[in-house]
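Student: Could you show me how to read a protein model feature by feature, giving me the general idea before each case?

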Amino acid sequence: PVLVVDFGAQYAQLIARRVREANVYSEIVPHTITAEEIAAKNPAGIVLSGGPSSVYEPGSPDLDPGILKLGVPVFGICYGFQVMARQLGGTVAKTGLREYGATDMTVQGGGGSLLADQPSEQTVWMSHGDAVTEAPEGFEVLASSDATPVAAFASKERGLYGVQWHPEVKHSTHGQDLLENFLHDAAGIPADWNSGNVIAEQVERIREQVGSARVICGLSGGVDSAVAAAIVHKAVGDQLVCIFVDHGLLRQDERRQVEEDYVASTGVRLVTVDAVDQFMDALAGVTDPETKRKIIGREFIRSFENAAEALVLEAQGGEEPVKFLVQGTLYPDVVESGGGTGTANIKSHHNVGGLPEDLQFELVEPLRTLFKDEVRAIGRELGLPEVIVGRQPFPGPGLGIRIIGEVTHDRLELLRKADAIARAELTAAGLDDSIWQCPVVLLADVRSVGVQGDGRTYGHPIVLRPVSSEDAMTADWTRLPYDVLAKISNRITNEVDGVNRVVLDVTSKPPGTIEWE
Ligand code: XMP
């Protein structure tokens, strides 16, 4: 693999993704890793990430100096570049000039292939206070800007390269080319990592792990569990049984998409638990958001456990025992929880379909090395329906936390209609790729006066919450075209009984969360 050394901030994950976009497998490691630990992983290249610190601050993150002597090609970015400069005998100084944002850069070239084929004037993304003022001895200076005399350096002989700017950020116009020059040319790593290989590798691993035992998987209707189950099914066929709990808080057509489209394309064995009444009874009279979440989580686990126990009991009838549970854990969750192996590090918030504590299953996690976009690519490769693979993130508690007020049958029906209209119009306008998700929220406890036909109405508002985001940790409200908003508003107020107003949420996150509850 290529190892991305994490110096803090969110840069490392972005770099790891860009490396994979170059068809090279990457893993994130903490900056406290030792040279021996790195050597043991036998990496083909190392990328040092940026970070929020100054190399001058006492206690600022450092790097085991042995790492630069391993003979493995290294590419330092921003803070990582400065750490390299310092360790190799160059000078990092507080120039008093800060560079932040889009910056004009003059590229002198040289350094072997690193900046070859790059235009001599280009715009790059900068974010730093300190600057490298003198390159280490024996290093060539490859680029400079007004505030940064040494903005890139290289020693081709030693295989050490670095840049002050952030090639992983899209605002750096030739950033991806630069990264690929390092990976493919400077470090000589072939571009051979792709979804086909990932599937083959996982299938092998799962077969080894599972043997002849049976496996269960909770399907939520979302992308992650759908893809995880499909890979496991490819590996062990009908040893896998999927459990799908219909809690009545799903969007329009979702149950059918899972029961028909998904099953048709994968051939998985599916057990649907019809738990709508159970959930409605449990939610009756409840308006507090956290209480709703707890109830939904509790009832979900209860339904899932019942279904799982029924399958476990079957084993007494001669079937193989159920020993494994599939989880759609993704790489960002693994990294954020310290990257430990073999343990279930799942944020309860993000995993309502999650792990029942007292059911002793071993986990199968075929997606734990992957980012979301890679999971989608694999789902497509496995032939899953686009309605599932391209699906927006949808919270485990479903529409239950998009009705502000008590959750009832009628309100769910109303919200399902409004949500389906918004989704259909966004798709028709070709906007699915430019938004992260668009929750549609019913303010069931708010009413406002309207006029429709000749009559006065006293109905509820629907809120549109379109957001753009990389990872849902932060988000901005999406500037949707007015004509698309107009169309959605028209259709919802005309077609959904009880709604006489559509409003737009123009709050970023923070301070607002993406969901309303
Ligand atoms: P918030 O509202 O916290 O949401 O900004 C961030 C992202 O997480 C989704 N979300 C959930 N997903 N179970 C989930 O699986 C949950 O309980 C849950 N709550 C929020 C939300 O849709 C957004 O993508």
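Student: Where does proline 510 lie?

Tutor: Proline 510 lies in the segment after strand E21 (499-504), where helices (H or I, at least four residues) and strands (E, at least two) are DSSP runs numbered from the N terminus. Residues are numbered from 1 along each chain as its sequence is written. Please keep in mind that this is a predicted model, in which local features need pLDDT of at least 70 and side-chain atom pairs count only at pLDDT 80 or more, while totals for chains, interfaces and linings use all residues.

Student: Which residues does a cis peptide bond join here, and what is omega?

Tutor: A cis peptide bond joins lysine 509 and proline 510, with omega at about -15°. The peptide bond from proline 510 on to proline 511 is cis as well, and its omega is near 10°. Proline 511, too, is placed in the segment after E21.

Student: Into which domains is the protein divided?

Tutor: Domain bounds come from an automatic or database domain assignment, and here they give domain 1 (2-186), domain 2 (195-389) and domain 3 (402-504). Between the C-alpha centres of domain 1 and domain 2 there are 39 Å.

Student: How many residues of domain 1 are in contact with domain 2?

Tutor: Two residues are in contact if their C-beta atoms, placed from the backbone, lie within 7 Å, and by that rule 4 residues of domain 1 are in contact with 4 residues of domain 2. On the side of domain 1 that touches domain 2, the largest share, 3 residues, comes from helix H1 (residues 11-21).

Student: Which residues does UniProt list for "active site"?

Tutor: UniProt positions are given in the numbering used here, with shortened feature names, and annotations may be inferred rather than shown by experiment. For "active site", the UniProt record, an unreviewed entry, lists Cys78, His166 and Glu168. They span 91 residues in sequence, yet no two of their C-alpha atoms are more than 10.9 Å apart, so they gather at one spot.

Student: Is histidine 166 buried or exposed?

Tutor: A residue is buried if 20 or more other C-beta atoms, placed from the backbone, lie within 10 Å of its own, exposed if 12 or fewer do, and partly exposed in between. Histidine 166 has 22 C-beta neighbours inside 10 Å and therefore counts as buried. It is found in the loop between strand E9 (160-163) and helix H4 (175-186), and, leaving aside its neighbours within four places in sequence, its contacts include Cys78 and Trp125.

Student: What can be said of glutamate 168?

Tutor: Glutamate 168 lies in the loop between E9 and H4, and it is buried, with 27 other C-beta atoms within 10 Å. If neighbours within four places in sequence are left aside, Tyr11, Leu14, Ile15 and Arg18 are among the residues in contact with glutamate 168.

Student: What is the phi of cysteine 78?

Tutor: The phi of cysteine 78 is near 50°, which is a positive value in a residue other than glycine. Cysteine 78 sits in the loop between strand E4 (74-77) and helix H3 (79-87), and it is buried, with 25 other C-beta atoms within 10 Å. Aspartate 253 also has a positive phi, about 75°, although it is not a glycine. This aspartate 253 belongs to the loop between strand E11 (240-246) and helix H7 (254-266), and with 14 other C-beta atoms within 10 Å it is partly exposed.

Student: Which residues of helix H7 are buried?

Tutor: In H7 the buried residues are Glu254, Val258, Tyr262 and Thr266. To see how they are arranged, one takes the arc of the directions from the helix axis to the C-beta atoms; here that arc is only 50°, which puts them on the same side of H7. The face turned away from this buried side carries the exposed residues Arg256 and Ala264. Among the elements that the buried residues of H7 pack against are strand E10 (214-219) and helix H6 (223-236). Glycine 267, whose phi is positive, near 80°, follows H7.

Student: How many bridges join strand E5 to strand E7?

Tutor: Two strands pair if DSSP finds at least two bridges between them. Strand E5 (residues 91-107) and strand E7 (residues 140-144) run antiparallel and are joined by 2 bridges, and threonine 106 has serine 144 in E7 as its bridge partner. E7 pairs with E8 in the antiparallel sense over 3 bridges, and the bridge partner of glutamate 140 in E8 is alanine 154.
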